[in-house]
Amino acid sequence: MHRLRVVLIVTLGPVLAGAAELPPALRNIIPTPQQIEQTQGAFVLAADGAGVASLVTPQDPPPRVALAAAHLARRIEEMSGVALPVVTEGEHADGPALWFGAAARGRVDPEWNEDLTAAQRSQEYVIAPVADGRGYALVGREPLGTLYAAMTLLATLEVEGGSARFPNFTCHDWPD
């Protein structure tokens with residue numbers, strides 16, 4: 001048992017120390033992203049029992065991108081009781097939105113890490129506010145990365161009653 005504690009301390013110590021430096025709302029992200037920065041305020045997805053934002057996918061999303069949006073919508077509904085619409089780019093009228101995969105690419109311009117292997121590139125993702133300030137982009141270098149971006153965002157959700165939000169932040173992650 002003592003050896004297990006030593007291994008856990010040596011292995012997890014640096015990870016936990018890095019997480020302790022994050023603002024409280026971002027400490028639930030495991031593993032801690034390579035680059036993450038919180039900014040002021042929060043992005044509201046649902047308020048007072050009503051949806052505020054839509055989840056927007058490309059017209060024909062790859063299965064992992066569709067899964068990312070559907071899973072996030074399902075978890076938000078389970079936690080807050082509010083169903084957010086999952087729509088395609090063509091169906092999105094206007095208003096606040098989370099943009100997934102290729103639907104997000106025109107709204108942010110990620111600087112991908114060119115030093116990664118092919119396996120690492122498949123998992124790389126960016127979460128960032130879109131230029132007009134009325135949404136967030138969850139974009140992976142490949143579809144698996146978009147799914148990981150959704151799981152990261154899920155870890156930051158703050159839910160109370162019929163409201164759901166997450167702190168404003170930017171994140172760029174890839175496996176090390």
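This is a predicted model: local features need pLDDT of at least 70, side-chain atom pairs count only at pLDDT 80 or more; totals for chains, interfaces and linings use all residues.
**Pocket, core and aromatic cluster**

Let me begin with the largest pocket, whose lining, sorted by class, has 10 nonpolar, 5 polar and 2 charged residues.

In soluble globular proteins, nonpolar side chains tend to be buried together. Here the largest nonpolar core has 33 residues, and those with the most contacts inside this core are Leu-45, Leu-72, Leu-98, Phe-100, Ile-127, Leu-138 and Phe-166. At least two residues of this core come from each of the strands β1 (35-47), β5 (97-100), β6 (125-129), β7 (135-140) and β9 (163-173), and likewise from each of the helices α2 (63-80) and α5. Take Leu-72 as an example: if we set aside its neighbours within four places in sequence, Leu-72 is in contact with Leu-55, Leu-98, Phe-100, Ala-150, Leu-153 and Leu-154. Apart from this core lies another one, of 13 residues, and Val-87, Ala-103, Trp-112 and Val-126 are among them.

My last topic is the aromatic rings, where the count comes to 5 aromatic pairs. One of them joins Phe-43 and Tyr-136 in an edge-to-face arrangement, at 5.5 Å centre to centre and with 65° between the planes. What does this pair link? It links distant parts of the chain, as Phe-43 sits in strand β1 and Tyr-136 in strand β7, 93 residues apart. Are these two residues buried or exposed? Because buried means under 20% relative accessible area, Phe-43 counts as buried at 8%, and Tyr-136 does too, at 2%.

Phe-43 also pairs with Phe-166, and this time the pair is tilted, with 5.4 Å centre to centre and 45° between the planes. Phe-43 belongs to strand β1 and Phe-166 to strand β9, so this pair ties together parts that are 123 residues apart in sequence. Like Phe-43, Phe-166 is buried, and Phe-166 is, as I said, one of the residues with the most contacts inside the largest nonpolar core. To close the picture, Phe-43, Tyr-136, Phe-166 and Phe-169 form one aromatic cluster.

Note on methods: Residues are numbered from 1 along each chain as its sequence is written. Side-chain values use heavy atoms; hydrogens and water are left out. Ala, Val, Leu, Ile, Met, Phe, Trp, Tyr, Cys and Pro count as nonpolar, Asp, Glu, Lys and Arg as charged, and the others, Gly among them, as polar. A nonpolar core is a set of buried Ala, Val, Leu, Ile, Met, Phe, Trp, Tyr and Cys residues joined through side-chain atoms within 4.5 Å. Buried means under 20% relative accessible area, exposed over 50%, partly exposed in between (1.4 Å probe, protein chains only). Helices (H or I, at least four residues) and strands (E, at least two) are DSSP runs, numbered from the N terminus. Contact means heavy atoms within 4.5 Å. Rings of Phe, Tyr and Trp (its six-membered ring) pair if their centres lie within 6.5 Å; planes under 30 degrees apart count as stacked, over 60 as edge-to-face and the rest as tilted.
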